[in-house]
Amino acid sequence: MTDTFSTPAPNLGGDEPAIVKSWDEWSPLKHVIVGVADGCMIPPSEPALDAKVPEDSDMKGQWGPRTQETVDKANEQLDNFAKILQSRGVRVDRPTPMDFSQPVSTPDWDNPSSFGCMPPRDVILTVGKEMLEATMSYRARFFEYLCYRPLLQKYFEDDPAFRHTSAPKPRMTDASYRMDYLADTIGDEKRLEWTAEKFFVTTEEEPMFDAADVLRFGKDLIVQHGFTTNLKGIDWLRRHYPDHRVTAVNFPGDPYPIHIDATFTPIRPGLIINNPERRLPDDQREFFHRNDWEIVDAARPAHNQPPSLCYSSVWLSMNVLMVDEKTVCCEASEINQMEQFDKMGLEVLPIPFRDAYAFGGALHCATTDVFRDGDLTDYFPKG
C-alpha cells in the first residue's frame, strides 16, 4: 500500500461520542458516512462486473485509474453534499481510501485492481445498533470494507451497545458465477427474459449480497434478488436477523438488476416511488397494499444518458437521500423528480452530483446511516 493512500486519518465529524442506531430510510438523520472519490478505479473485467456493463456503454473494455480532473470534480460535489448535510445538523464522517490500483488476490483468484470508496451504501448495512459489512459480489470490491474500519472501530469504542459485524466473505471462485452468462450480442430482450426467470450471473454456490440491495422498513427488510444478491444471501440475512421479516423482491423490467435504490425508494411511512420501467410485480405489491402503502411511479429522469464512464442508468434520478419524512436530497438537475417531490409536500434540497455518478452512484449510494432518530416500528402489521 502506498503512502499516498495509507496515511489519511478518517474524518470523524466531531468530538462527541458516536452513537449508532438506524431502523429505516426516513427517520431524522443525525449522523452519516459520505464517501470520497480519491483513487477510484475503473475496475478490470471480471464475471460479476461484465454482466453489469451495458453492451453500448463507453465502459466496455475500459480499465484503470480515473483521471485526476474527474476525481477532483467528484470530490468537490461530495464535499459540498457533506457541507449541506452539516448545515442541516447532520454529523458527517468520511472513509479512509486505500491504494485501489494495487493488485488484489486470495488463494482462489487474482484481480488487477480494486474499485474505490465513494458508495458506502453498497458495503455497510446499518440495522438498529449493528453495522454489517456485506459479503459483496465483485472481486474488485472484496477488500473495500477496509476503508470503513477506522470509523467502525471508533464507533465501537464510543458506543458500548454498538455491534460491528462482518458477513462471511465468499470465496468468489468461478463456481459463484455463470461464466458464460453473456455474449456481446445478447441484447436487452434476452436479458429481460432472464431477469423475469430470475436467472442471474451469480449462482447459488455461496451466500452473496451487497448492502445496497437492502431497504430498511423498521421490522421489515426488503431485499432485491438480482446480479449482486443471490437467494443464499437473502437466506443468510433471514437467519442473521431472526426478529425481522426479510422479504425478497425482484423487478422483471430491469435488464441489469444491481442494487435496489434506483428502482424502489421509500419516501415516508406509507409511500414508495417505483421506477416505472421496473415495476414491482403485482403478486409482490400485494404485501404493501394490504398494509396501506401506496406505490407510485417515479418521475421520468431529466437526462437521456448517464455521464461518461458511468455504470449506472439515468434512473439515478430517484436515488435520493431522505433527511427526514419531510425533507429530501435530490440531484440538482433532476427537475422532474424535484417537481414530483414538491407536489408531495416535501422540502427538496437540490444537490449538484452528476460529476460523482461515475464513481458509484447518486446521493443514497454515496451515504450510509450511522444514526437516525427513530425507533423500531412495525410498518406492516398485516404481515
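Modeller: Helices (H or I, at least four residues) and strands (E, at least two) are DSSP runs, numbered from the N terminus. The model is predicted, so local features need pLDDT of at least 70 and side-chain atom pairs pLDDT 80 or more, while totals for chains, interfaces and linings use all residues. Residues are numbered from 1 along each chain as its sequence is written, and side-chain values use heavy atoms, without hydrogens and water.

Biologist: Where is Pro281 found?

Modeller: Pro281 belongs to the loop between strand S14 (271-274) and helix H7 (282-289).

Biologist: Why is Pro281 called buried?

Modeller: Buried means under 20% relative accessible area, exposed over 50% and partly exposed in between (1.4 Å probe, protein chains only). Pro281 has a relative accessible area of 18%, and is therefore buried.

Biologist: Which residues does Pro281 touch?

Modeller: Contact means heavy atoms within 4.5 Å. Leaving aside residues up to four places away in sequence, Pro281 touches Asn250 and Pro252.

Biologist: What makes the pair of Trp26 and Phe217 edge-to-face?

Modeller: Rings of Phe, Tyr and Trp (its six-membered ring) pair if their centres lie within 6.5 Å; planes under 30 degrees apart count as stacked, over 60 as edge-to-face and the rest as tilted. By this rule there are 23 aromatic pairs. The ring centres of Trp26 and Phe217 are 5.8 Å apart and their planes stand at 70°, so this pair is edge-to-face. The pair links distant parts of the chain, 191 residues apart: Trp26 is in the loop between helix H1 (3-6) and strand S1 (29-34), and Phe217 is in strand S10 (residues 214-217). Trp26 and Phe217 are both buried.

Biologist: Why is the pair of Phe287 and Phe288 called edge-to-face?

Modeller: Their ring centres are 5.3 Å apart and their planes lie at 85°, so the pair is edge-to-face.

Biologist: How do you know that Phe287 counts as buried?

Modeller: Phe287 has 11% relative accessibility, and therefore counts as buried. Phe288, at 0% relative accessibility, counts as buried too. Phe287 and Phe288 belong to one aromatic cluster, which also includes Trp26 and Phe217.

Biologist: Which residues of the largest nonpolar core touch the most other members?

Modeller: A nonpolar core is a set of buried Ala, Val, Leu, Ile, Met, Phe, Trp, Tyr and Cys residues joined through side-chain atoms within 4.5 Å. In the largest, of 78 residues, those touching the most other members include Phe81, Leu85 and Cys329. Helix H3 (residues 68-87) gives the most to this core, with six residues. Apart from this core lies another, of 32 residues, including Phe217 and Phe380.
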